[in-house]
Amino acid sequence: MTDMNENPLDILPELLLAASAVLGLLLGAWLPRRRQWLVGILACGAALAGIVAASVAAAGPDLTAFGEGFTVDPVTSTTRVVVLGSVLLVLALCARPFHAHPRESELYVLLQLSALGALVMAGAQDLLLLAAGYLLASVPAYALAGFRKDGPGTEAALKYYVIGALLGVVMLAGITVLYAAGRATGYPLLGPALPQAPVSLVAAGTVGLLAGVLFKAGAVPAHFWVPDAIQGSTAPVAAFLTTVPKIGALTALLRLGEAALSDSGMPWAALVSVIAAASMTLGNLAAFFQTDVKRLLAYSTISQVGYLLLPVAVAGRSDLAQPALLYYLAAYAVTNLGAFAVVCALPRATRTDDYRGLARRRPLLAASLVTCLLGLVGTPPTAVFVGKLEAFTAAFDGGYAWLAVLAAVNTVASLFYYLRLILPAVSGRPGDALTDGDLPARVAAYTAAAVSVGLGVAAGPVLPLLSGSLST
């Protein structure tokens, strides 16, 4: 049992994000339109301070806080750093498109609140707190999807909201059933109680709970909102929606699997492995036929969730699951945001053919795009290559060799649709769609590509830092 206390400083990164969101909302009501960028600076400061606080907490002992409902361990600490770092990149992507926007400050507040929900999900060790994190991550995201208030944005928000509300209710029903089965909502009490409960009751509750968490992750069969919501959203919001909520959801699944459900008597590993196989395969098949860049990247994120679910499937069966997932999440976050940063830097290039000649017009941006897209495939020396290798190894170690083989086949297949965007970018003459340039987005793209390669090269010393038992 780890140390436990009720010190609010245990959740300092979350408090900083919440305080910045509240203060930003108040400032936005008084600041003139052209000075609302100060709220964005405040958000950046909160994210940077949160990263520092999370790093300090990571060096200390594991602990639980507030009735063992929230835990601070390697999973929580890594998620904090990855989520807050992702928020910094997204804020950079928003700098130019939303400058002097009538609701610029509201955008920054919504981004912070949704990111806070992802952090709550990641550290939750109680089903009720997990549900609260789900709602906090979801409601601001609905508003973000329709932030532009045009036709595509309204459609994106509506589809996102309807599916999210439906699966949220199913999730709450699943939590109720699990409470009835285990007579508890906290993982430390729920885990030992579920093996003695009726298997059918546990299975029904688990499926309901998974419905909500998989919605946040964008995994099959809760993926229907992803392509339309991403295509209809602004590019910076699309980058956020395909990255930050997934991090919170997948770490929550890892914690659920190891602490509560892996020994519950139901086939947790088999259930998650089927979802992983369906996500990576259907995501790849749908991406083959896309010519809209945001829609292509949306289906790419669905397939990536399939690979990320490999270590989740063997949670409790392999000691390699936790470091594999945490490293892969960090790798995916920076690489996916880098790809979307290129999309943000070229707002007029919406189709794959619009990127023709990018290497001639903006060679560094083209290099960043190629690095990030090949990184998503899993090409060395990028970080996703190491992440996939670790995930495949964890699957083999957990007794799911067939899933690792299927993931390897899907990885090779994914190269073909990424090449549909890479080949035009490195060949042909530049078109009119490449005339615009967003400097902060370009810098974000260069930074993300460099970090993706640097993290891959530094995988040796980084991976041991991600190990450690989950707090219970």
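Just after α17, G399 adopts a positive phi of about 90 degrees. The model is predicted, and local features are drawn from residues with pLDDT of at least 70. The points below begin with this helix and then turn to backbone geometry, salt bridges, cysteines and a surface patch.

- Helix α17 covers residues 383–397, which amounts to 15 residues.
- From first C-alpha to last, α17 reaches 21 Å, close to the 21 Å expected at 1.5 Å a residue.
- The buried residues in α17 are A383, V384, V386, G387, K388, A391, F392, A394 and A395.
- The cover over these buried residues includes α13 (293–313), α14 (321–345) and α16 (363–377).
- Also included in that cover are α18 (401–425), α19 (439–457) and α20 (459–462).

**Cis peptide bonds**

- Most peptide bonds are trans.
- V220 and P221 are joined by a cis peptide bond, with omega at about 10 degrees.
- P221 belongs to the loop between α8 (199–217) and α9 (225–232).
- A cis peptide bond also runs from P380 to P381, where omega is near 5 degrees.
- P381 sits in the loop between α16 and α17.

- Most residues other than glycine have a negative phi.
- A100 has a positive phi, near 65 degrees, and is a residue other than glycine.
- The loop between α3 (74–94) and α4 (104–123) contains A100.
- A100 has a relative accessible area of 15% and is therefore buried, the cut-off being under 20%.
- R183 likewise has a positive phi, near 55 degrees, and is found in the loop between α6 (151–182) and α7 (187–193).
- With a relative accessible area of 64%, R183 is exposed, because the cut-off for that class is over 50%.

**Salt bridges**

- The count of salt bridges comes to eight.
- D150 and R148 form one of them, with their closest N and O atoms 2.9 Å apart.
- Both partners are partly exposed: D150 has a relative accessibility of 25%, and R148 has a relative accessible area of 39%.
- K159 and E155 meet through their side chains in a salt bridge, at 2.8 Å from N to O.
- K159 and E155 are four residues apart in helix α6, so about one helical turn separates them.
- An α-helix has 3.6 residues a turn, so residues three or four places apart point the same way.
- K159 counts as partly exposed at 31% relative accessibility, as does E155 at 40%.
- R295 forms a salt bridge with D228, in which the closest N and O atoms are 3.1 Å apart.
- Because R295 lies in helix α13 and D228 in helix α9, this pair ties together parts that are 67 residues apart in sequence.
- R295 counts as buried, at 17% relative accessibility.
- A network of salt bridges links E155, K159, D228 and R295.

**Cysteines**

- There are zero disulfides in the structure.
- The cysteine sulfur closest to that of C94 belongs to C344 and is 7.6 Å away, which is too far for a bond.
- A disulfide would require the two sulfur atoms to be within 2.5 Å.
- C94 counts as buried, with 1% relative accessibility.
- For C372, the closest cysteine sulfur is again in C344, at 12 Å, and this too is too far for a bond.
- C372 counts as buried, with 0% relative accessibility.

**Nonpolar surface patch**

- V22, L23, L26 and L27 make up a nonpolar patch on the surface.
- Together, these residues have about 340 Å² of accessible area.
- L27 is placed in helix α1 (residues 12–28).
- At 33% relative accessibility, L27 counts as partly exposed.

Terms used: Residues are numbered from 1 along each chain as its sequence is written. This is a predicted model: local features need pLDDT of at least 70, side-chain atom pairs count only at pLDDT 80 or more; totals for chains, interfaces and linings use all residues. Side-chain values use heavy atoms; hydrogens and water are left out. Helices (H or I, at least four residues) and strands (E, at least two) are DSSP runs, numbered from the N terminus. The expected span of a helix is 1.5 Å times one less than its number of residues. Buried means under 20% relative accessible area, exposed over 50%, partly exposed in between (1.4 Å probe, protein chains only). Contact means heavy atoms within 4.5 Å. Patches are made of residues with over 30% relative accessible area and no salt bridge: like charges are joined within 9 Å, nonpolar side chains (Val, Leu, Ile, Met, Phe, Trp, Tyr) within 5 Å. Accessible areas come from the Shrake-Rupley method with a 1.4 Å probe; for residues, only the protein chains shown count as cover. A salt bridge is a side-chain nitrogen of Lys or Arg within 4 Å of a carboxyl oxygen of Asp or Glu.
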